[in-house]
Amino acid sequence: MNDNDSPKFTCKECGGHTLIVTHVWSILAGVDSERWQEWGPLKDNHHWQFEFKEKIEDNADDEDQEGDFSEFEEDDSDSGPEDYEIHEPETNLERDEFFVNCGNCDREIEFGWSEPDSRGLILPVEFSDFISSESWPDSKYLGVWQHKHWLRTGEGQS
Ligand SMILES: [Zn+2]
């Protein structure tokens, strides 16, 4: 309905306006667990709809993903050297994970949520209406946001 509004996201690398949300989760299948993912576009109203779904094969090369993380961090290093790193424990298969990427160049986009614990709406940092004080970081960006002093009071830091 608001298709004529200017897009909230413009990729600083490729100029694309589309964001893709990917949801990754695990299910137990006998003695093994399977990894599945579904993905679809994120709209400017922060809602998204998964349009595709597939099983992630075990022989997929995990090193590709870690490479994407480090590229992203280098890209965002204007505030100083990165003294933090994001490590996703490979053994933690039970937790659902969400990722946001540029739909054109696949660059990872940092994002938060409108509610704590990865609930509510997805709020990409690079959306033009992003307000850090009204967002809760996705768990994989907790350290990054702490570094930026974006964490809200009541975030439960001990
Ligand atoms: Zn892009």
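**Chat about the model**

Student: Before we start, what kind of model is this, and how are the residues numbered?

Tutor: It's a predicted model: local features need pLDDT of at least 70, side-chain atom pairs count only at pLDDT 80 or more, and totals for chains, interfaces and linings use all residues. Residues are numbered from 1 along each chain as its sequence is written, and side-chain values use heavy atoms, with hydrogens and water left out.

Student: OK, metal first. Which residues coordinate the zinc ion?

Tutor: Cys 11, Cys 14, Cys 102 and Cys 105, each through SG, at 2.3 Å. Donors here are N, O and S atoms within 2.8 Å of the metal (3.2 Å for Na, K and Ca), and water is not among the atoms, so sites may look incomplete.

Student: And what geometry does the site of the zinc ion have?

Tutor: Tetrahedral, with angles of 103 to 116° among the four donor atoms. For four donors that label requires all angles to lie between 85 and 135 degrees. Along the chain the donors follow the spacing C-x2-C-x87-C-x2-C.

Student: Is Cys 102 buried or exposed?

Tutor: Cys 102 is buried, at a relative accessible area of 2%, whereas Cys 105 is partly exposed at 34%. Buried means under 20% relative accessible area, exposed over 50%, and partly exposed in between (1.4 Å probe, protein chains only).

Student: Let's switch to strands. How many residues of strand 4 are buried?

Tutor: Six of its six residues. Helices (H or I, at least four residues) and strands (E, at least two) are DSSP runs, numbered from the N terminus.

Student: Which residues sit on each side of strand 4?

Tutor: Glu 97, Phe 99 and Asn 101 are on one side, with Phe 98, Val 100 and Cys 102 on the other. In a regular strand the side chains alternate between the two faces of the sheet.

Student: What about strand 1, how does it pair with strand 4?

Tutor: Strand 1 (residues 19-29) pairs with strand 4 in the antiparallel sense, over six bridges. Two strands pair if DSSP finds at least two bridges between them. Cys 102, one of the zinc donors, stands opposite Leu 19.

Student: In what order do the three strands of the open sheet come?

Tutor: The order is 6-5-7, with antiparallel pairing. Strand 6 (119-124) and strand 7 (136-137) are at the edges with a single partner strand each, so one side of each has no neighbour in the sheet. Four bridges join strand 5 (residues 111-115) to strand 6, and Gly 112 stands opposite Leu 123 there.

Student: Rings next. How many aromatic pairs are there?

Tutor: Nine. Rings of Phe, Tyr and Trp (its six-membered ring) pair if their centres lie within 6.5 Å; planes under 30 degrees apart count as stacked, over 60 as edge-to-face and the rest as tilted.

Student: Why is the pair of Trp 48 and Phe 50 called edge-to-face?

Tutor: Their planes are at 65°, so the pair gets that label, with the ring centres 6.5 Å apart. Phe 111 and Trp 113 are also edge-to-face, because their planes stand at 70°, with centres 5.8 Å apart. Phe 111 is buried at 0% relative accessibility, and Trp 113 is buried at 1%.

Student: Which residues do ring pairs link into a cluster?

Tutor: Trp 48, Phe 50, Phe 98, Phe 111, Trp 113 and Tyr 141.

Student: Where does the charged end of Lys 148 sit?

Tutor: Over the ring of Trp 150, 4.4 Å from its centre. The rule is NZ of Lys or CZ of Arg within 6 Å of the ring centre and within 35 degrees of the ring normal. Lys 140 sits over the ring of Phe 99 in that sense, 4.4 Å from its centre.

Student: Last topic, how many salt bridges does the structure hold?

Tutor: Seven. A salt bridge is a side-chain nitrogen of Lys or Arg within 4 Å of a carboxyl oxygen of Asp or Glu. Among them, Glu 110 and Lys 148 have their closest N and O atoms 2.9 Å apart. That pair links distant parts of the chain, 38 residues apart: Glu 110 is in the loop between strand 4 and strand 5, and Lys 148 is in the segment after helix 2 (142-147).

Student: And which residue does Asp 138 form a salt bridge with?

Tutor: Lys 140, the closest N and O atoms being 2.8 Å apart. Asp 138 and Lys 140 are both buried.

Key
Four donors count as tetrahedral if all angles lie between 85 and 135 degrees; four count as square planar and six as octahedral if opposite donors are over 155 degrees apart and all others between 65 and 115; anything else is irregular.
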